[in-house]
Amino acid sequence: MKKKWLYTSIACAFVLLSGCSSDIQLESIKRVTDSTIKNSILDDYLSKGTKSLSYSYDGEGEGKYKINIAVDVDSAFYDNNPLGIFNILSRTTEGIGSDLSNYCGNTKCEFGTLTVSSSKGDSYSMNINNKDGDETLVHNDEKIKREDLLEYKDPDSVPPDEEYTENENVSISDDAVYEFMENQLDQMTNGGQNYIPEVHCTKAIKATVKRFDLTVEEVVNIYMSKAHLHGSPYTNDFQYGEEAFNL
């Protein structure tokens, strides 16, 4: 009896994943969504055209399923900076939409995640059903919000945001430099409780120089000007050794 039940379960699982007799019309969803992605900015990076797109769905209990899309991209995708990648996935998921009422029959289903990866690159994913524009990009296991990417500008290959202009100064945001270094100091000193200026200032400067590709002088000038405005406690006895310049 157990063996018969096991065979039945395997058969049901196969039917569910293949979409052959399930209420979910996976092939219809794929056909419509393939066309949408074909007309999106993501199409520029598909490694094998629409053959780069694969679909699956996972059960969430009570007959509810989420349709997930996996995309295989070429190496050019990774030439975009993090904001560019964020916007590619943001605009693509927005275009895909969320109404699956015509393809789910009596089954409850909705879109889940769009995941982009290649055999030689990292994985990026974003929920297709973003609520009120609350988008989160997941890079491997790291969750990234748009406000985390202040220091970046859209690369030319990505349609610009409404507030972005071709003539905009593309210099790194001073606020981004300040916030990054302040966070470094907070993490190293437990919020300032263990602050040793000659040790922690040097380490924070090194990390900030590496992150933004700036000189030590540029980092220090930007940080100090902003730190005084914000009343940062780290301006007291701020100092760094000669080793900060050996980068």
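How many of the 15 residues of helix H3 are buried? The answer is 11 of the 15, so that this helix is mostly covered, and the sections below place helix H3 in the predicted model to which it belongs.

## The chain and its confidence

The structure described here is a predicted model, and its chain averages a pLDDT of 77, with 78% of the residues scoring at least 70. Confidence is lowest in helix H1, residues 2–18, where the mean is 35, and it is highest in strand E6, residues 137–139, at 93. Over residues 1–21 the pLDDT stays under 50, and the model has 10 contacts beyond four places in sequence for this stretch. Residues 243–247 also keep a pLDDT under 50, and for them the model has 11 contacts beyond four places in sequence. Where pLDDT is low, the predicted coordinates should not be read in detail.

The secondary structure of the chain comes to 6 helices and 7 strands, which follow one another along the sequence in the pattern α-α-β-β-β-α-β-β-β-β-α-α-α. Of the 247 residues of the chain, 39% count as buried. Among contacts between residues at least 6 apart in sequence, 62% join residues that are at least 24 apart.

## The sheet

Strands of a sheet pair through backbone hydrogen bonds, either parallel or antiparallel. In this model, 6 strands form an open sheet in the order E2-E3-E4-E5-E6-E7, and the pairing is mixed. Strand E2 (53–59) and strand E7 (142–144) stand at the edges with a single partner strand each, so one side of each is left without a neighbour in the sheet. From one strand to the next, the twist averages 25 degrees.

Strand E3 (residues 64–72) and strand E4 (residues 108–118) pair in the parallel sense over 8 bridges, and Val71 stands opposite Val116 in E4. Strand E4 and strand E5 (residues 121–127), by contrast, run antiparallel and are joined by 5 bridges, while a hairpin of 2 residues leads from E4 to E5. Leu114 stands opposite Met126 in E5, and the bridge partner of Met126 in E6 is Leu137. Strands E5 and E6 run antiparallel as well, with 3 bridges between them.

## Helices on the sheet

Helix H2, residues 26–38, lies across E2, E3 and E4, and runs at about 135 degrees to E2. Helix H3, residues 82–96, packs on the sheet and touches E3, E4, E5, E6 and E7, with a direction that makes about 40 degrees with that of E5.

The buried residues of helix H3 are Leu83, Gly84, Ile85, Phe86, Asn87, Ile88, Leu89, Ser90, Thr92, Thr93 and Ile96, and they pack against H2, E3, E4, E5, E6 and E7. At the start of H3, a side-chain oxygen of Asn81 reaches to within 3.0 Å of the backbone nitrogen of Leu83, and just after the helix, Gly97 takes a positive phi of about 80 degrees.

Leaving aside residues up to four places away in sequence, Ser125 touches Leu89, Leu114, Thr115, Thr136, Leu137 and Val138.

Ala204 has its place in helix H5, residues 197–212. At 0% relative accessibility, Ala204 also counts as buried. Apart from residues up to four places away in sequence, Ala204 touches Met181, Gln184, Leu185 and Met188. The C-alpha atoms of Ala204 and Asn183 are separated by 8.9 Å, although the two residues are 21 residues apart along the chain.

Definitions and conventions
Residues numbered from 1 in each chain as written. Heavy atoms only, no water. pLDDT = per-residue confidence, 0-100. Helix = DSSP H or I, 4+ residues; strand = E, 2+ residues; numbered from the N terminus. Contact = heavy atoms within 4.5 Å. Pairing = 2+ DSSP bridges. Axes fitted to C-alpha atoms, helices over the stretch in contact; angles between N-to-C directions. Buried < 20%, exposed > 50% of the residue type's maximum accessible area, 1.4 Å probe, protein only. Polar contact = N/O pair within 3.5 Å; in protein donor to acceptor, adjacent residues only side chain to side chain.
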